[in-house]
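Hi everyone, thanks for coming. Let me put the model on the screen, and then we can walk through a few spots together.

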Amino acid sequence: MSKDGTAALRACLRELHLPAVAAQYEAVARQATAESWGYADYLGELLQRECQQRRQHRVERLLKASKLPLEKSWPALDLKRLPVKVVQQLRGLLSGDFVDRRENVLVFGPPGSGKTHAVCALAQELVRSGRRVLCTTCSLLVQDLLVAKRDLTLKALLKRLAGWEALVIDDLGYVQQSREEMEVLFTLLAERYERGSVLVTSNLPFSKWEQIFKDAMTAAAAIDRLVHHSVIVELNLPSYRAEAAKRAKADPGESRPA
């Protein structure tokens, strides 16, 4: 191709926003010549590479926006430590079909049992499949909702949160909240009911949720909305951190995870 032709081609690729094609068309052309590809095969290979790069960049943007802790990934999840039923439940959720059905995932267990890691690992896999997920702790979420209520922007915040296909709320009940704080959280849960998935971790069973929502009626209403379409995962396991501390004490030379 002449210099003018090459310059024109590159200008077109910039205008069409095809960076992968621009970066690789020459190398792919050499491969096509060496392997006697047809024109359609050559074009198809280039466009596949462009699509792959776009998908990769989109996942990177979604992961950053999700605020998920990337170290709590699926490969890093110790499945051997989990009960067989729990592993089956988590693997069954990886397809993300529950998000399409607007179902919730509720994970219960004592502190250190691995609730957060399990939920975040699942949420990361949802993001890597192209879904929009936001992760936050219950305390931070409640504070954002209270600020929005004070500033008369609660409706706008709820609308923004509705844009996420799945919302991870970590540590519900871990920190005791006031009645006003729980009222705005209940408002969020009511807004998302049958409209968007919620993934919740809690160290308190339903029988103690009256402590969270401050009265039996509100607790029952919250539970009803969350449970109606849900998968409940119970991690009745000892603390992972306590187990690691015991192993380290028994074997001082044992390397500790970062």
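**Pockets, a cavity and a helix pair**

Helix H8 gives the most to the lining of the second largest pocket, with five residues. Before going on: this is a predicted model, where local features need pLDDT of at least 70, side-chain atom pairs count only at pLDDT 80 or more, and totals for chains, interfaces and linings use all residues. Residues are numbered from 1 along each chain as its sequence is written, and side-chain values use heavy atoms, leaving out hydrogens and water.

Back to that pocket (on a 1 Å grid over the protein atoms alone, an open set of points with protein on both sides within 12 Å along at least five of seven lines; lining residues have an atom within 4 Å of a point). It holds about 260 Å³ of space, the volume being what probe spheres set on the points fill. Of its 16 lining residues, Leu 161, Ala 162, Arg 192, Arg 195 and Gly 196 lie nearest the centre.

What about the largest cavity, where a 1.4 Å probe fits but cannot get out? About 70 Å³ of space lies there, and its lining includes Arg 192, Tyr 193 and His 229.

Finally, how do H7 (residues 138-150) and H9 (residues 179-192) pack? Their angle is about 90 degrees, with axes 9 Å apart; axes are lines fitted to C-alpha atoms over the stretch in contact, and angles run from 0 to 180 degrees between N-to-C directions. H7 and H9 are therefore roughly perpendicular, a word used for 65 to 115 degrees. Helices here are DSSP runs (H or I, at least four residues), numbered from the N terminus.

Methods:
Helix = DSSP H or I, 4+ residues; strand = E, 2+ residues; numbered from the N terminus. Parallel < 35°, antiparallel > 145°, perpendicular 65-115°, else oblique.
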